[in-house]
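Dear colleague,

I am passing a structure on to you with this email.

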Amino acid sequence: MQQKLLNNLKYNIKAFIVVLNYKTPFFIYNIDMKILFIGDIYGKPGVDYVLEKIDFLRKTYHPNLIVANAENAKDGRGLTKNIYKQLMKAGVSLLTMGNHTWKNKELETFIDEANIIRPINDGSNKGVGYKVIQYNDKKILFINALGKAYMNEVYDSPFLMVKEILDKETYDYSFLDFHAEASAEKVAMGHFLDGKLDCLVGTHTHVQTNDNRILPKGLMYITDVGMTGPLNGVIGVEKDIIINKFVYGESKPNEVASGPRQLNAVLVSFVPKREIIKIHLEE
Ligand SMILES: [Fe+2]
Ligand SMILES: [Fe+2]
């Protein structure tokens with residue numbers, strides 16, 4: 001019955017419908033489903049900028065849920081409980097991770113009770129690689145996976161692992177954060193899951209790509225959402241450290257860059273209309 005009503009509603013109208021049936025005599029459903037996904041939050045500049053801009057993003061885009069990648073939230077390497085709490089308090093519903101998940105050991109002490117997913121194929125026995133989140137009467141399946149191509153660590157292939165989860169779980173909408181280096185691997189994953197998965201957002205390269213689109217069978221796709229943190233570093237790191245590494249072969253530990261900041265995100269709309277739009281803020 002709900003599906004029939006949804007089909008009858010015109011696109012782009014924020015609609016509230018009253019559904020009468022024997023189980024729920026008088027229920028009000030908001031049929032919108034929009035997810036704001038914020039790309040790799042890098043260090044304190046990234047966390048602070050999210051906290052400062054989240055109200056603006058909420059008022060501007062009206063997401064039902066806010067999800068963010070937090071693999072670099074603590075000084076570029078991992079996540080602490082304090083940062084986790086700050087982001088949750090601000091209204092983020094779920095954090096995804098990546099190849100830096102375990103760089104800060106503190107995560108091991110709280111991930112099992114937290115709204116966090118780490119990559120399904122990172123070989124860890126702590127935390128989980130996917131979660132189903134209930135939002136009103138809808139279930140949204142969120143999955144996090146790592147690519148294999150050009151990644152330093154060796155991971156199991158994520159393709160069939162993701163498909164298996166999609167096949168066995170029960171949900172209304174599905175969303176994958178595919179944390180990978182190679183654009184080809186991300187595009188391949190998009191086409192591999194087209195018609196089965198609702199949305200694939202790429203993370204890890206920290207540069208927003210201009211290929212947000214809907215694949216032929218309906219999968220909403222972007223190769224990389226981009227990062228949230230320093231604007232003038234080299235993908236978050238103080239630029240001279242990376243320049244000297246490339247030019248002179250110098251090896252210095254990474255430091256989070258200072259100065260103006262940027263925020264990169266996407267707004268993914270499942271209903272009333274399928275759409276994935278890019279968001280970029282900078283100082
Ligand atoms: Fe990252
Ligand atoms: Fe990464």
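What follows is a short account of what was found in the structure.

This is a predicted model, in which local features need pLDDT of at least 70 and side-chain atom pairs count only at pLDDT 80 or more, while totals for chains, interfaces and linings use all residues. Residues are numbered from 1 along each chain as its sequence is written, and chains are lettered from A and ligands numbered from 1 in the order in which they are written.

On confidence, the mean pLDDT (the predictor's confidence in each residue, from 0 to 100) is 91 for the chain, with 89% of the residues at 70 or more. Over residues 1-28, however, pLDDT stays under 50. Where pLDDT is low, the predicted coordinates should not be read in detail.

The chain has seven helices and 15 strands, taken as DSSP runs (H or I over at least four residues for helices, E over at least two for strands) and numbered from the N terminus. Six of the strands form an open sheet with mixed pairing, in the order β7-β8-β9-β10-β12-β11, where two strands count as paired if DSSP finds at least two bridges between them. At the edges are β7 (130-135) and β11 (213-214), each of which pairs on one side only. Strand β11 is joined by two bridges to β12 (residues 220-222), and these two run antiparallel; within them, Ile214 has Met220 as its bridge partner.

Helix α6 (residues 183-193) packs on this sheet, touching β9, β10 (199-203) and β12, with contact meaning that C-beta atoms, placed from the backbone, lie within 7 Å.

Strand β9 contains Asp177, which is buried because 31 other C-beta atoms lie within 10 Å (20 or more make a residue buried, 12 or fewer exposed, and anything in between partly exposed, with C-beta atoms placed from the backbone). Leaving aside residues up to four places away in sequence, Asp177 touches Asn69, Thr96, Asn144, Val201 and Thr203.

Technical notes
Contact = placed C-beta atoms within 7 Å. Axes fitted to C-alpha atoms, helices over the stretch in contact; angles between N-to-C directions.
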